[in-house]
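Welcome! Please have a look at the protein chain shown here, and then read through the short tour that goes with it.

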Amino acid sequence: MTGLMAGKKGLIMGLANDRSLAWGIAKQLGDQGAELAFSYQGEALERRVRPLAESVGSDFLVDCDVGDMDALDRTFAQIEERWGGLDFLVHAIGFSDKNELRGRFVDTSLDNFLLTMNISVYSFVACAQRAARLMKPGGSMLTLTYYGAEKVIPHYNVMGVAKAALETATKYLAADLGKDGLRVNAISAGPIKTLAASGIGDFRYILKWNEYNSPLRRNVTIEDVGGAGLYLLSDLASGVTGEIHHVDAGYNVVGMKAEDAPDI
Ligand code: NAD
């Protein structure tokens with residue numbers, strides 16, 4: 001198959017189902033000729049991930065909980081064994097106790113603060129360390145963040161703090177790995193109804209607010225995110241690194257409620 005990603009091999013981490021942001025990205029990479037591997041968290045998800053992987057021509061699946069450094073080592077060892085190298089990495093993983101994604105941030109527990117930072121931030125650093133060893137100049141890495149890193153969004157709480165750290169980690173990784181010709185970027189996606197998002201308190205209100213107040217007057221889709229992911233992972237973005245690229249129907253540029261926005 002020919003296409004923008006022909007001849008490139010990449011690992012997609014964080015696919016749960018066909019509503020996942022990871023799926024929006026994987027689909028467009030596959031359509032453009034990329035060869036894909038998928039890591040999933042535990043056996044229960046394998047049943048959902050395998051048919052999706054097969055639909056983009058992949059039989060390369062690895063069970064990997066990113067909180068387990070041995071599992072990460074095994075994942076990247078399997079990639080090295082099968083492919084000998086890696087061209088791109090998609091990190092679409094975040095986790096926090098949903099009991100703390102409602103109410104007040106000030107009530108965050110130490111245990112959940114550490115867990116959220118570990119799974120949602122450090123895991124990207126841990127993956128980047130291992131991926132970088134397999135990449136040649138031109139390699140590209142991508143993670144997913146949200147506007148709650150920049151401004152306070154009700155109920156996003158500790159996840160907002162984690163996303164702020166993830167965005168800064170993206171910039172530090174870009175600075176370190178740029179010397180090896182590797183690029184590291186993040187997409188700041190607008191709210192999309194996914195499994196992870198359903199854990200956030202009053203998520204429907206956030207969706208409505210974005211729809212009514214963003215310049216495009218709509219919410220974004222996983223296809224919108226996929227298009228931007230394809231660009232950032234392809235050679236079209238060869239001069240782009242350390243970037244936090246908003247795919248949010250323009251919501252981040254708005255300072256006030258739109259005049260025509262209905263009350264919700
Ligand atoms: P999703 O539920 O489809 O994906 C989240 C993934 O994280 C799942 O596949 C889950 O298995 C994985 N995960 C969680 N803990 C893990 C662990 N310990 N080890 C391995 N995998 C683990 O939801 P999504 O919305 O597609 O989330 C993907 C990324 O996009 C997340 O970082 C999320 O914060 C980010 N994001 C989502 C939105 C949104 O509105 N949905 C907006 C901006 C950013």
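What follows is a briefing on this model, grouped by topic. Keep in mind that the model is predicted. The protein chain has 7 helices and 7 strands, and its 264 residues give a radius of gyration of 18 Å, which agrees with the value near 18 Å for a compact globule of that length.

**The chain as a whole**

- The C-alpha trace of the protein chain spans about 55 × 40 × 40 Å along its principal axes.
- Of the 264 residues in the protein chain, 44% are buried.
- Take the contacts between residues at least 6 apart in sequence: 75% of them join residues at least 24 apart.

**How helices are described**

- Two packed helices are described by the angle between their axes and the distance between the axes.

**Helices α3 and α4**

- Helix α3 covers residues 69–83 and helix α4 covers residues 110–134; their axes lie 10 Å apart, at an angle of about 20 degrees.
- Because of that angle, α3 is roughly parallel to α4; angles under 35 degrees count as roughly parallel.
- The crossing of α3 and α4 is right-handed.
- On the α3 side, the contact is made by M69, L72, F76, I79 and E80, while α4 brings A126, C127, R130, A131 and L134.
- Sorted by class, the residues of this contact of α3 with α4 are 8 nonpolar, no polar and 2 charged.

**Helices α4 and α5**

- Helix α4 also packs with helix α5 (residues 157–177): the two axes come within 9 Å and cross at roughly 20 degrees.
- That makes α4 roughly parallel to α5.
- The crossing of α4 and α5 is right-handed.
- From α4, the residues N112, F113, T116, M117, S120, V121, F124, V125, A128 and A132 take part, and they meet V158, M159, A162, A165, L166, A169, L173 and L177 of α5.
- The contact of α4 with α5 has 15 nonpolar residues, 3 polar ones and no charged ones.

**Helices α1 and α7**

- Helix α1 (residues 21–31) and helix α7 (residues 222–233) have axes 7 Å apart and pack at an angle of about 55 degrees.
- Is α1 parallel or oblique to α7? With that angle, α1 is oblique to α7.
- α1 passes α7 in a right-handed crossing.
- The α1 residues in this contact are L21, W23, G24, I25, K27, Q28 and L29, and the α7 residues are I222, E223, V225, G226, G227, G229, L230 and L233.
- The contact of α1 with α7 divides into 8 nonpolar, 5 polar and 2 charged residues.

**Two residues with positive phi**

- H155 has a phi near 75 degrees, a positive value in a residue other than glycine.
- You can find H155 in the loop between β5 (140–145) and α5.
- Is H155 buried or exposed? H155 has 21 other C-beta atoms within 10 Å, so H155 is buried; the cut-off for buried is 20 or more.
- D202 has a phi near 55 degrees, which is again a positive value in a residue other than glycine.
- D202 sits in the loop between β6 (183–189) and α6.
- D202 counts as partly exposed because it has 13 C-beta neighbours inside 10 Å.

**Two pairs separated along the chain**

- Y205 belongs to helix α6 (residues 203–213).
- Y205 has 13 other C-beta atoms within 10 Å, so Y205 is partly exposed.
- Although Y205 and P154 are 51 residues apart in sequence, their C-alpha atoms are 9.8 Å apart in space.
- E259 lies in the segment after β7 (244–247).
- What makes E259 count as exposed? E259 counts as exposed because it has 5 C-beta neighbours inside 10 Å, where 12 or fewer is the cut-off.
- E259 and Y212 are 47 residues apart along the chain, and their C-alpha atoms are separated by 9.7 Å.

Note on methods: Residues are numbered from 1 along each chain as its sequence is written. This is a predicted model: local features need pLDDT of at least 70, side-chain atom pairs count only at pLDDT 80 or more; totals for chains, interfaces and linings use all residues. Axes are lines fitted to C-alpha atoms, for helices over the stretch in contact, and angles run from 0 to 180 degrees between N-to-C directions. Helices (H or I, at least four residues) and strands (E, at least two) are DSSP runs, numbered from the N terminus. Angles under 35 degrees count as roughly parallel, over 145 as roughly antiparallel, 65 to 115 as roughly perpendicular and the rest as oblique. A crossing is left-handed if the near helix is turned anticlockwise from the far one by less than a right angle, and right-handed if clockwise. Two residues are in contact if their C-beta atoms, placed from the backbone, lie within 7 Å. Ala, Val, Leu, Ile, Met, Phe, Trp, Tyr, Cys and Pro count as nonpolar, Asp, Glu, Lys and Arg as charged, and the others, Gly among them, as polar. The radius of gyration is taken over C-alpha atoms; the globule rule is 2.2 Å times the number of residues to the power 0.38.
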